[in-house]
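Hi,

Here is the structure I promised to pass on.

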Amino acid sequence: MEKALLDTDGGRIPALEARWGRAPGVTFEQRFGGTVAVLEAAGSTAVIAMQGAQVLSWRPAGHVEDALWLSPQAKLGTGRAVRGGIPVCWPWFGPHPEGADKPAHGFVRAAPWRVAGSAVSDRRARLVLSFDATRVDPGLWPHCAQAEIEITVGEALTVTLSTLNVSEAPISLTMALHTYLSVGDIARVEVRGLEEQVYVDQLAGHARKKQSAGISFDAEVDRIYQATPDTVIVSDEVLGREIRVAKTGSLSTVVWNPWIEKGGRLGDLGDDGYRRMVCIEAANAGGDTVTLAPGARHRMTTEISVQSVCIQTRSLNRGRV
């Protein structure tokens with residue numbers, strides 16, 4: 001009976017509702033070709049896919065535009081990760097260090113997760129999803145761990161990735177909450193909060209460089225800012241808003257935009273998708289590796305909030321390094 005109640009193959013939504021639904025705060029529906037949870041609280045709404053425990057959408061209270069960017073080609077159940085929202089990169093970030101035959105960014109992004117909890121209060125709605133990595137093929141990952149995603153919706157969107165080491169040996173891993181933020185025009189966006197920080201430039205042979213000012217965009221950007229627990233602010237002139245990305249348990253911040261050429265090669269960004277998104281990712285990546293002792297748990301949290309502001313026109317090339 002427990003297995004049927006937790007089934008997330010699209011045919012068990014009534015059972016999910018009976019066990020985990022907390023209407024109107026937590027409900028389950030069919031969207032994008034798969035099962036999603038809809039969280040509603042404090043006037044804001046989020047949509048979370050059971051595939052990959054991936055937040056697909058978050059519309060804050062009082063805002064017309066979604067805070068997250070999602071590919072117009074988004075479809076669940078294809079065996080591939082969906083482009084956009086907040087994909088979960090775990091238990092490694094980027095290419096696997098020992099084998100090109102292993103999937104980039106780990107193996108949970110396209111995998112089914114199980115509902116482990118839900119709750120609703122006056123101002124918040126919460127959903128907990130779990131993934132048991134003890135059942136993964138040892139050839140893919142020879143460790144025993146359990147991952148959990150907790151999504152809380154209210155005035156802000158909070159996503160926590162938790163890892164529990166259930167093996168008898170230490171585990172080292174990297175991870176990221178690969179957040180795609182929606183912007184009006186990337187050429188009129190500035191990212192603040194990483195000034196004077198050292199980063200690894202993924203486009204320059206992993207060279208280490210230092211950020212001189214705010215980050216603006218006129219070409220592809222792919223950087224891992226190391227030892228940076230700082231809050232980042234995305235200032236969006238076109239949409240007249242600032243998106244604040246705070247975090248805990250994360251020492252790396254990834255900033256990424258594929259720009260025109262790579263965006264075209266990806267195939268699922270759409271004609272001008274690169275202009276409408278920027279990734280600001282809470283991560284532990286590059287040299288910021290997490291090592292867990294047996295029985296230890298690590299939590300990494302990103303908190304996203306949006307504020308309407310009046311932003312003055314500025315130079316589009318400021319902050320280039």
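Which residues form one aromatic cluster? They are Trp90, Trp92, Phe107, Trp113, Phe131 and Trp141.

Before the rest, some housekeeping. This is a predicted model, so to speak of local features I needed pLDDT of at least 70, and side-chain atom pairs count only at pLDDT 80 or more, while totals for chains, interfaces and linings use all residues. Residues are numbered from 1 along each chain as its sequence is written, and side-chain values use heavy atoms, with hydrogens and water left out.

Aromatics

The structure has ten aromatic pairs. For a pair, the ring centres of Phe, Tyr or Trp (its six-membered ring) lie within 6.5 Å; planes under 30 degrees apart are stacked, over 60 edge-to-face, and the rest tilted. (Helices and strands are DSSP runs numbered from the N terminus: H or I of at least four residues, and E of at least two.) Tryptophan 113 is buried at 0% relative accessibility, and phenylalanine 131 is buried at 11%. Buried here is under 20% relative accessible area, exposed is over 50%, and partly exposed is in between, with a 1.4 Å probe and protein chains only.

Then there is tyrosine 180 with tryptophan 256: the ring centres are 6.2 Å apart and the planes at 90°, so that pair is edge-to-face. It links distant parts of the chain, with tyrosine 180 in strand S12 (residues 180-182) and tryptophan 256 in strand S19 (residues 252-257), 76 residues apart. Tyrosine 180 and tryptophan 256 are buried.

Salt bridges

How many salt bridges are there? The count comes to twelve, taking a salt bridge as a side-chain nitrogen of Lys or Arg within 4 Å of a carboxyl oxygen of Asp or Glu. Three of them, in turn:

- Aspartate 268 meets arginine 83, with 3.0 Å from N to O. The two are 185 residues apart: aspartate 268 is in the loop between H3 and strand S20 (277-284), and arginine 83 in the loop between strand S4 (54-59) and S5. Aspartate 268 counts as buried at 14% relative accessibility, and arginine 83 is buried too, at 19%.
- Glutamate 220 pairs with lysine 262, the closest N and O atoms being 4.0 Å apart. Glutamate 220 is in the loop between strand S15 (207-210) and S16, and lysine 262 in helix H3, 42 residues apart. Glutamate 220 is partly exposed at 24%, and lysine 262 is partly exposed at 23%.
- Arginine 135 meets aspartate 132 at 3.5 Å, N to O. Arginine 135 is in the loop between S7 and strand S8 (145-153) and counts as exposed at 71% relative accessibility, whereas aspartate 132 is partly exposed at 30%.

While you have arginine 135 on screen: its C-alpha atom is separated by 33 Å from that of proline 229, 94 residues apart along the chain.

Cysteines

A search of the whole structure turned up zero disulfides, meaning pairs of cysteine sulfur atoms within 2.5 Å. Cysteine 89 is buried, with a relative accessible area of 0%, while cysteine 144 is partly exposed at 31%.

Largest pocket

The largest pocket holds about 1000 Å³ of space. Of its 45 lining residues, the closest to the centre are Phe93, Gly94, Pro95, Ala104 and His105. Strand S10 (171-173), strand S16 (221-225), S19 and helix H3 (259-266) each supply at least two residues of the lining. The lining divides into 23 nonpolar, 13 polar and nine charged residues. Nonpolar covers Ala, Val, Leu, Ile, Met, Phe, Trp, Tyr, Cys and Pro; charged covers Asp, Glu, Lys and Arg; the others, Gly among them, are polar. For the record, a pocket is an open set of points on a 1 Å grid over the protein atoms alone, where a 1.4 Å probe fits, with protein on both sides within 12 Å along at least five of seven lines, and lining residues have an atom within 4 Å of a point. Points are joined across faces, edges and corners, and the volume is the space filled by probe spheres set on them.

Cheers
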